[in-house]
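Me: I'd like to learn how to read a protein model. Can you walk me through one?

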Amino acid sequence: MFLKPLNNNVPIHYFCGHSLGLQPEITRLKINAELEKWALYGVEGHFESPDPWFSYHHTVKKGLAELCGAKESEVNANGSLTSNIHNLFASFYNPTKEKYKILTEDIGFSSDNFAMQTQVQFHGYQIEDAIVFLEHNENYCFDTDYIIEQIEKHKNELSIIWLSVVNFLSGQVLNLELISNCAAKYNIKVGVDLAHAIGNIPLKLHTWGVDFAVWCSYKYLNAGPGATGGYFVHEKNFPQSKIEEQLATHNSQLTTILGGWWGHKEETRFQTGISFDPVNNADAWLHSNANVLSLSALRASLEIFLSEDIHLLSAKSKKQTIYAFDKFRQSNKIKILTPEKQAGNMISIQVLNQDKSLVTKLKEQNILVDWREPGIMRFSFCPLYNEENEWKHFIDLLNEML
Ligand SMILES: Cc1ncc(COP(=O)(O)O)c(C=O)c1O
């Protein structure tokens, strides 16, 4: 179902789905179908072709909603992860004199960090003052109790919380439900990065009451390098939302949205000289018309996810990661960073007295994993294309090599 890279004509054991997911076999067909439409219809492909491009972005909602645990009206795909952070912060980071701070991890992904730094600067604050950093423990993780403690401690100053649901370095899965519930008590917005979470673990963003989320689609979503990203906005934050939740928690303030034509109501989208009138759902945050070639690749992957059950996939991966935890616990050459009870598909270990050449040695054995300093090896079991036997072979081999 997926195309595995070859090493000397032999398919590689690929454990880097947390970085770039593999290509589904049907992706080429889906992209080719759109190229064909472009050739046959030209500009008329927007309205006259089967599956017209004008409404193409609607076709990814079902799959994305299922993976996020959201309503279809709460998700869409457009832009990139980082540009979507800025897009949604424009709506949800509304600092006031008292509440202007952002709570985030001290080891956030670089792009997230840069986004947080420049957001506070954009609003006229100093980074050292306006960003409250959660301090990681010796395993590059954050205890849930500690996170809650910090929210309580800074509750009167925090405007927004920005966290990665699955940490890119340690693979730790945060307890988003608890965090979100705690933040809601103090009217603090919660935004999350799902880069390493979507397609990896089951999510319930709607039920957990998360305000918004963003992701990229090239990791567990297998939509190809630089694929169009996606985002979630909870319905309580829709432009004209009148639901009780909004009245209770947001004083029914209307949310500011940076407008673009694809976020505007379809009936008048092409008119000039009129005011921005956003669609009353998450589409309001769309700026531009869909990158159809990229979304066709995303559709290919989402079709596969829709034919599976994310809970079953997750259970399959859990079984495999337990095998790895059991093996590594016996080794005094490895420090396991990922907390076993808070793990998804990816495991991170710190390898003592080894350097990056270990990755090369594994590659000589036809195994692909990745490496981050200081001495951290990351690998993931992606149940859509990784087999139990190849995973066990890799874990056993790594243990032996060390
Ligand atoms: C956690 C995290 N945040 C942000 C990014 C940046 O994503 P993009 O280049 O799609 O904006 C990545 C990319 O790998 C990531 O893993």
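This is a predicted model: local features need pLDDT of at least 70, side-chain atom pairs count only at pLDDT 80 or more; totals for chains, interfaces and linings use all residues.

Me: Into which domains is the protein chain divided?

Reply: Domain bounds come from an automatic or database domain assignment. Here you get domain 1 (45-305) and domain 2 (310-401). Their centres, taken over C-alpha atoms, are 30 Å apart.

Me: Which residues come nearest to the ligand?

Reply: A residue is near a molecule if its C-beta atom, placed from the backbone, lies within 6 Å of it. There are 13 residues around the ligand, and Leu81, Thr82, Phe109, Ala195 and Cys216 come nearest.

Me: Is Ile161 buried or exposed?

Reply: Count the other C-beta atoms, placed from the backbone, within 10 Å of a residue's own: 20 or more is buried, 12 or fewer is exposed, and in between is partly exposed. Ile161 is buried because it has 26 C-beta neighbours inside 10 Å.

Me: And what does Ile161 touch, leaving out residues up to four places away in sequence?

Reply: Two residues are in contact if their C-beta atoms, placed from the backbone, lie within 7 Å. With that sequence limit, Ile161 touches Leu103, Ile179, Ala183, Ile188 and Val190. Gly69, 92 residues away in sequence, is 20 Å from Ile161, C-alpha to C-alpha.

Conventions:
Residues are numbered from 1 along each chain as its sequence is written.
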